[in-house]
Amino acid sequence: DMTASTEWYVQLQSIYKEQANADVNLMTQIVNQEILPKKQQQHQQYRLELTEDDIANFCANVYSVGHMVTRSLEEEFNTVPSLDDELVEEWKMALMDPYEVPIH
């Protein structure tokens, strides 16, 4: 922005910093009051703790957090894969070398 001044930029930085601190404080409160006590009950043999730096790091990088649903190890070992045509075709495409020259 050609009309921005250093003063405005510093004010904007200050606003972002205040919001980041508020986010860390709220997340710290949620973790310490709700999440850790429940997890500690489930895993009594372990001492669970998160530092404020851990929580601040999480808050700073939360945009890259994803959620993946997978099968359990039991399901993975007990499931017999069905090799239908579509799956075999996907494997062939994944393993195909686009630069391979067919042998005649």
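**A helix pair seen from Thr 28**

Thr 28 sits in helix H1, and it makes a handy starting point for a look at this predicted model. The protein holds four helices and zero strands, giving the pattern α-α-α-α along the sequence.

**Thr 28 and its surroundings**

- With a relative accessible area of 16%, Thr 28 counts as buried, because the cut-off for that label is under 20%.
- Leaving aside residues up to four places away in sequence, Thr 28 touches Glu 52 and Ile 55.
- Glu 52 and Ile 55 are among the residues that H2 brings to its contact with H1.

**How H1 and H2 pack**

- Helix H1 covers residues 6–42 and helix H2 covers residues 52–60; the two pack at an angle of about 120°, and their axes lie 9 Å apart.
- That angle makes H1 oblique to H2.
- The crossing of H1 past H2 is right-handed.
- On the H1 side, the contact is made by Asp 23, Val 24, Met 27, Thr 28 and Val 31.
- On the H2 side, Glu 52, Ile 55, Ala 56, Phe 58 and Cys 59 take part.

**The protein as a whole**

- Of the 104 residues in the protein, 5% are buried, and Thr 28 is one of the buried residues.
- The accessible surface comes to about 10300 Å², with 57% of it belonging to carbon and sulfur atoms.

Methods. Residues numbered from 1 in each chain as written. Predicted model: local features only at pLDDT ≥ 70, side-chain atom pairs only at ≥ 80, totals over all residues. Heavy atoms only, no water. Axes fitted to C-alpha atoms, helices over the stretch in contact; angles between N-to-C directions. Parallel < 35°, antiparallel > 145°, perpendicular 65-115°, else oblique. Left-handed = near helix turned anticlockwise from the far one by under 90°. Contact = heavy atoms within 4.5 Å. Buried < 20%, exposed > 50% of the residue type's maximum accessible area, 1.4 Å probe, protein only. Areas by Shrake-Rupley, 256 points an atom, 1.4 Å probe, with all protein chains shown as cover.
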